[in-house]
Amino acid sequence: MTDTITSSAGAGPMPIPGHIDPVPVPRPGIVEGVTPREDGRVDLIGLPKKRIAELFEGAGLDAKAAKLRAKQVYHWLYHRGVTEFEAMTDIAKTMRPWLTERFVIGRPEIVEAQHSSDGTRKWLLRTADAHDFEMVFIPDADRGTLCVSSQVGCTLNCRFCHTGTMRLVRNLTVGEIVGQVMLARDALGEWPKGRMDFAFSSGVDGAENGADADEDEGGYSADGRLLTNIVMMGMGEPLYNFDAVRDALKLVMDGDGLALSKRRITLSTSGVIPQMARCGEEIGVNLAVSLHAVTKDVRDEIVPINKKYGIEDLLQACADYPGASNARRITFEYVMLKDKNDSDDDARELVRLLKQFNLPAKVNLIPFNPWPGAQYECSTPERIRSFSDIVFKGGISAPVRTPRGRDIDAACGQLKTAAEKKSRAELERLYAEKEVALG
């Protein structure tokens, strides 16, 4: 087991000349969700059923046949997780070569997979145009959470976050985002086997349906998966890649597709206020906000997007978030930095602010995860406990997150694919460049 991931030469994030566009354009050449391939075939991963039907019709099927085949293929792609058309047993054998000739079922390339001593798993993935990004799976006693990336690199420059020391390369596509969930299910062996998915969906016992007893060998069941939750908390700011994140999560939430409830999906933002209401209206998932400070000066320093969207405006946007309630509380992420944001006065101000805006809130206290070149230290355990106690006494849940995957650099704020080390002066130049771009 290694402590860091090293990309092969030329495969890491590429520098971007000039200012960084905070809302970058998608990968060049994408037309209606289709990413061009050298072999001329179309990758179907990331495409909704209607778009697949349009492509089938454009390839020569009549409208009725295209709609039927799209429904079948969609089921095999997103519900059964197959990676080749030959496995689609309810499609005529003569039809499968036709599909293989024109289409492909893609996945991001796995460059390296790492396992932590605490069960956390991290994957270094590579896009078709040779850019690297990461995803993390965190197993717990009652859930398994996949941390999904939305961008290669990051536009933002949160000072405590290792990903913030990367330049933004580009947005991930819909297929590259949903592909992470599919890869995790591949690795965990969580796709339905044989006819077991029919048994689960119809509520009928598998044995009575003629399914073999060993078909459930991998432990799959409709409500007993290892992968139960998704958090858009990986590399990148999800709300700066809104359309692709929305469309990917719709595939994840589709009952005919990956079928994960929106109540089990959380999107984390550093506070891109103009997109927050859209997130609630068009996606409808749980919201997490990277707050990390309660005063303007401190948040300006450690989460510089605060200079554009201030704390009070951010909290008002949270209060207005569609669907927020005591049953679906907004999570406020708060990294504990020694002598920076961890005083008792900070804890009391946090309680005051959340109550001022009458927010249905939960606070996740995150012990800072150090990385080479970081300018902060983690608060002491005693200071974190005191902070947590004050917030709890204020009537707001404030659990302390147990750091996971530190031995493989998979803990919160540590994701970073490039192994190069930057000097403090280089980091400051990069931070300054990003702040100019963000306005």
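The points below are grouped by topic.

This is a predicted model, in which local features need pLDDT of at least 70 and side-chain atom pairs count only at pLDDT 80 or more, while totals for chains, interfaces and linings use all residues. Residues are numbered from 1 along each chain as its sequence is written, and side-chain values use heavy atoms, with hydrogens and water left out.

**Aromatic pairs**
- The structure holds five aromatic pairs, where rings of Phe, Tyr and Trp (its six-membered ring) pair if their centres lie within 6.5 Å, and planes under 30 degrees apart count as stacked, over 60 as edge-to-face and the rest as tilted.
- One of these pairs joins Phe-56 and Trp-98 edge-to-face, at 6.3 Å centre to centre and with 75 degrees between the planes.
- This pair links distant parts of the chain, 42 residues apart, with Phe-56 in helix H1 (residues 49–58) and Trp-98 in helix H3 (residues 95–102); helices are DSSP runs (H or I, at least four residues), as are strands (E, at least two), numbered from the N terminus.
- Ring pairs link Phe-56, Trp-98 and Phe-103 into a cluster.

**Burial around H1**
- Both Phe-56 and Trp-98 are buried, meaning under 20% relative accessible area, with exposed over 50% and partly exposed in between (1.4 Å probe, protein chains only).
- In H1, the buried residues include Arg-51, Ile-52, Ala-53 and Leu-55.

**Charges over rings**
- Lys-49 lies over the face of Tyr-74, at 5.0 Å from the ring centre, and Arg-185 lies over the face of Trp-191, at 5.3 Å from the ring centre; the criterion is NZ of Lys or CZ of Arg within 6 Å of the ring centre and within 35 degrees of the ring normal.
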